[in-house]
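Dear colleague,

I am handing over the structure below, together with some notes on what was found in it. Please keep the sequence and the model open beside this message as you read.

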Amino acid sequence: MELQNNQPWVLVRGAGDLATGVIVRLHRCGFKVAVTECANPSAIRRKAALCEAVWQGAAQVEGVTARRVADAAQAEKASQLGEIPLLVDENAACITTLQPAAVVDAILAKRNLGTSREMAPITVGLGPGFAAGQDVDAVVETMRGHQLGRVIRQGAAIPNTGVPGVIAGYAAERVIHAPGSGAMQFVADEGGNTVDIGALVRAGQVIARVGDTPVHATIDGVLRGLIREGYPVTKGLKIADIDPRPEQAAYCDTVSDKARAIGGGVVEALLELAQKKHIRLL
């Protein structure tokens, strides 16, 4: 997809798995997307997260490529090649040079880490921590359930419950947190194969180590997420995610249903706000 030089940027803050669903949908709809990330992203759904470009230089999800770039000139070049430029820029300082027409905060920190309506003519925040009409123009609901992906034009999203959404009867059991602090180490299963994303695991099985401490699977299912090997984790950090549905093994490297729904909400919010404010995005 070749984009025109004069098309305004849509800047997405964050490139984890949910943000990736937004990025992929925006890119495919023809928006000119740039992305910012922190220097040490801790995504566990690595195979479905474009933030892996921070570590690898480039990452691809569903045929969409993100490439790490250093500045606005490189960002423009990557965009012209049909790629998503990703800048390691936690505070979004690149706004000064990119001058985006819209900023989407997709960090999903459950709180606002600095996004404001002064950043761009159009601003959208995902999930808890944002109030539409105050610090952003619109909020997109991220809680699983009937409201998922809904555009909130006044007020805030559903408050963070601290409990993951229920899948096949499991909620908190699906998510595994680090039992201690140390470097993440991968392990081999009984067959000698490295346990990684996409593996079928059983409750009690050792799926990794943090330092010398084993990490056990909490339920039977598909290892949908596992933080990258060597990552310096701290006790309590989310490091793995198990999906109890074995058929999900085929989808570990694709955008999730949740991320796709949120992405649709962002497209709706951007197009509606662009029309109301008479701002060109496409």
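Which element gives the largest share of the lining of the largest pocket? Before the answer, please bear in mind that this is a predicted model. The element is helix H1, which supplies three residues of that lining.

The pockets

The largest pocket holds about 1,600 Å³ of space, and 50 residues line it, with Leu 18, Ile 107, Leu 108, Lys 110 and Lys 238 lying nearest its centre. Besides H1, the strands S2, S12 (175-177) and S19 (238-243) each contribute at least two residues to this lining. When the lining of the largest pocket is sorted by class, 21 residues are nonpolar, 14 are polar and 15 are charged.

The second largest pocket has a volume of about 170 Å³, and among the residues that line it are Arg 46, Lys 47, Glu 52, Arg 228 and Glu 229. Strand S3 (residues 58-61) gives the most to the lining of this second pocket, namely three residues, and by class the lining has three nonpolar, two polar and five charged residues.

Strand S1, which covers residues 9-13, is mostly covered, since five of its five residues are buried. Trp 9, Leu 11 and Arg 13 point one way from S1, while Val 10 and Val 12 point the other way.

Strand S15 (residues 206-210) pairs with S16 in the antiparallel sense over four bridges, and Val 210 has Thr 213 in S16 as its bridge partner.

The aromatic pair

How many aromatic pairs does the structure hold? There is one aromatic pair in the structure, and the rings involved belong to Trp 55 and Tyr 231, whose centres lie 6.2 Å apart and whose planes meet at 75°, so the pair counts as edge-to-face. The step from angle to name rests on a cut-off, because planes over 60 degrees apart count as edge-to-face. The pair links distant parts of the chain, as Trp 55 sits in helix H2 (residues 53-56) and Tyr 231 in the loop between strand S17 (221-226) and S18, 176 residues apart.

Why does Tyr 231 count as buried? Tyr 231 has 11% relative accessibility and therefore counts as buried, because the cut-off for that word is under 20%. Trp 55, by contrast, has 33% relative accessibility and so counts as partly exposed, a term that applies between 20% and 50%.

With best wishes

Conventions. Residues are numbered from 1 along each chain as its sequence is written. This is a predicted model: local features need pLDDT of at least 70, side-chain atom pairs count only at pLDDT 80 or more; totals for chains, interfaces and linings use all residues. Side-chain values use heavy atoms; hydrogens and water are left out. Buried means under 20% relative accessible area, exposed over 50%, partly exposed in between (1.4 Å probe, protein chains only). On a 1 Å grid over the protein atoms alone, a cavity is a set of points where a 1.4 Å probe fits but cannot get out, and a pocket is an open set with protein on both sides within 12 Å along at least five of seven lines; lining residues have an atom within 4 Å of a point. Grid points are joined across faces, edges and corners, and a volume is the space filled by probe spheres set on the points. Ala, Val, Leu, Ile, Met, Phe, Trp, Tyr, Cys and Pro count as nonpolar, Asp, Glu, Lys and Arg as charged, and the others, Gly among them, as polar. Two strands pair if DSSP finds at least two bridges between them. Rings of Phe, Tyr and Trp (its six-membered ring) pair if their centres lie within 6.5 Å; planes under 30 degrees apart count as stacked, over 60 as edge-to-face and the rest as tilted.
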